[in-house]
Amino acid sequence: GTYTDSKYVFHGFTRTPSGSYTTLSAPGAGTTPASGTFAYGGINAAGQVVGYFDKKVNAAAQGYVWTP
């Protein structure tokens with residue numbers, strides 16, 4: 001999933017079956033309002049998350065794969 005922090009920066013997250021959360025912030029992701037990491041791509045059986053991030057608002061998105 002994805003959430004916004006108190007500064008309106010987006011971060012991805014994963015949740016385990018036991019309820020633990022891990023925040024995903026892709027290297028190079030933006031830190032200004034309305035930018036950041038998005039975990040919309042999907043998750044596979046190995047727990048890898050595919051998503052995208054942007055460095056700033058209205059910038060070209062870049063993909064990432066996060067591995068637990």
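**Reading the terms on a predicted model**

Trainee: Why is Tyr3 called partly exposed?

Mentor: Tyr3 has a relative accessibility of 33%, and the class is set by cut-offs: buried means under 20% relative accessible area, exposed means over 50%, and partly exposed is what lies in between, with a 1.4 Å probe and protein chains only. Since 33% falls in between, Tyr3 counts as partly exposed. Please keep in mind that this is a predicted model, in which local features need pLDDT of at least 70 and side-chain atom pairs count only at pLDDT 80 or more, whereas totals for chains, interfaces and linings use all residues. Residues are numbered from 1 along each chain as its sequence is written, and side-chain values use heavy atoms, with hydrogens and water left out.

Trainee: How do you know that Tyr3 lies in a strand?

Mentor: Strands are DSSP runs of E with at least two residues, helices are runs of H or I with at least four, and both are numbered from the N terminus. Tyr3 belongs to strand E1, which covers residues 2-4. By this rule the protein chain has six strands and zero helices, and its elements run β-β-β-β-β-β from the N terminus on.

Trainee: What makes the link between the side chains of Tyr3 and Thr23 a polar contact?

Mentor: A polar contact is a pair of N or O atoms within 3.5 Å; within protein, one must be able to donate a hydrogen and the other to accept it, and residues adjacent in sequence count only if both atoms are side-chain atoms. The side chains of Tyr3 and Thr23 are joined at 3.3 Å, which is within the 3.5 Å limit. The two residues stand 20 apart along the chain, with their C-alpha atoms separated by 9.3 Å. Thr23 is also among the residues that Tyr3 touches, as are Val9, Phe10, His11, Gly12 and Phe13, when residues up to four places away in sequence are not counted; here contact means heavy atoms within 4.5 Å.

Trainee: Is Ser35 buried or exposed, and how do you know?

Mentor: Ser35 has 0% relative accessibility and therefore counts as buried. Ser35 sits in the loop between E3 and E4, and a polar atom of its side chain lies 2.6 Å from the backbone oxygen of Thr32. Leaving aside neighbours within four places in sequence, Ser35 is in contact with Tyr8, Val9, Phe10, Gly30, Asp54, Lys55, Lys56 and Val57. Ala34, in that loop as well, is partly exposed at 39% and has a positive phi of about 70 degrees although it is not a glycine.

Trainee: What makes Tyr8 exposed?

Mentor: The relative accessible area of Tyr8 is 57%, so Tyr8 is placed in the exposed class. Tyr8 lies in the loop between E1 and E2, and its phi is positive, about 65 degrees, although Tyr8 is not a glycine.

Trainee: How do you know that E2 and E3 pair?

Mentor: Two strands pair if DSSP finds at least two bridges between them, and E2 and E3 have four, in the antiparallel sense. Thr14 has Thr22 of E3 as its bridge partner. The hairpin has five residues between the strands, and Gly19 in it takes a positive phi near 100 degrees.

Trainee: Which residues make up the largest nonpolar core, and why is it called that?

Mentor: The term stands for a set of buried Ala, Val, Leu, Ile, Met, Phe, Trp, Tyr and Cys residues joined through side-chain atoms within 4.5 Å. The seven residues are Leu24, Ala26, Ala29, Ala39, Val49, Phe53 and Tyr64. Among the contacts of Val49 are Leu24, Ala39 and Tyr64.

Trainee: Why is the radius of gyration of the protein chain said to agree with a compact globule?

Mentor: The radius is taken over C-alpha atoms, and the globule rule is 2.2 Å times the number of residues to the power 0.38. For 68 residues a compact globule would have a value near 11 Å, and the protein chain has 12 Å, so the two agree. The C-alpha trace spans about 35 × 25 × 15 Å along its principal axes, and 28% of the residues count as buried.
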